[in-house]
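Let us walk through this one together, going from a few individual side chains out to the whole chain. Keep the 3D view open as you read.

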Amino acid sequence: MPTYQCTICGREVPYDGPLPAIYPFCSQRCQWADLGRWLRGQYAIERDLTPEDLADNDQTPDT
């Protein structure tokens, strides 16, 4: 059976079939912990964005 490692606690999570909806986490608790890290600013992009990074976002919406 395939497994993946939770990005918060490191637990090995077995799954059967497609990846579960909570991937890459093992539980809702780890999902909330990750959100808390984002909200406290613990994650950051450590380099300046380039025009190439933003190229996919330059699309105009259909009108």
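Cys 30 is buried, with a relative accessible area of 8%. Please bear in mind that this is a predicted model. How far is the sulfur of Cys 30 from the closest cysteine sulfur? The distance is 3.7 Å, and the partner is Cys 6. A disulfide is a covalent bond between the sulfur atoms of two cysteines. To be counted here, the two sulfur atoms must lie within 2.5 Å, so the 3.7 Å between Cys 30 and Cys 6 is too far for a bond.

Now turn to Cys 26. Cys 26 is buried as well, at 13% relative accessibility. For the sulfur of Cys 26, the closest cysteine sulfur belongs to Cys 9, at 3.6 Å. That is again too far for a bond under the 2.5 Å cut-off. By this rule, the model ends up with zero disulfides.

The aromatic rings come next. How many aromatic pairs does a search of the whole structure find? There are three. One of them joins Tyr 4 and Tyr 23 in an edge-to-face arrangement, with 4.8 Å from centre to centre and 75° between the planes. This pair links distant parts of the chain, since its members are 19 residues apart. Tyr 4 sits in strand 1 (residues 3-5), while Tyr 23 lies in the loop between strand 2 (12-14) and helix 1 (28-39).

Are these two tyrosines buried or exposed? Tyr 4 counts as buried because its relative accessibility is 7%, below the 20% limit for that label. Tyr 23 has a relative accessible area of 42% and is therefore partly exposed. Tyr 15 joins the picture too: ring pairs link Tyr 4, Tyr 15 and Tyr 23 into a cluster.

With those details in place, step back to the whole protein. It has two helices and two strands, and from the N terminus on the elements run β-β-α-α. Tyr 4, then, belongs to strand 1 of this series. Of the 63 residues, 14% are buried; Cys 30, Cys 26 and Tyr 4 are among them.

Terms used: Residues are numbered from 1 along each chain as its sequence is written. This is a predicted model: local features need pLDDT of at least 70, side-chain atom pairs count only at pLDDT 80 or more; totals for chains, interfaces and linings use all residues. Side-chain values use heavy atoms; hydrogens and water are left out. Helices (H or I, at least four residues) and strands (E, at least two) are DSSP runs, numbered from the N terminus. Buried means under 20% relative accessible area, exposed over 50%, partly exposed in between (1.4 Å probe, protein chains only). Rings of Phe, Tyr and Trp (its six-membered ring) pair if their centres lie within 6.5 Å; planes under 30 degrees apart count as stacked, over 60 as edge-to-face and the rest as tilted.
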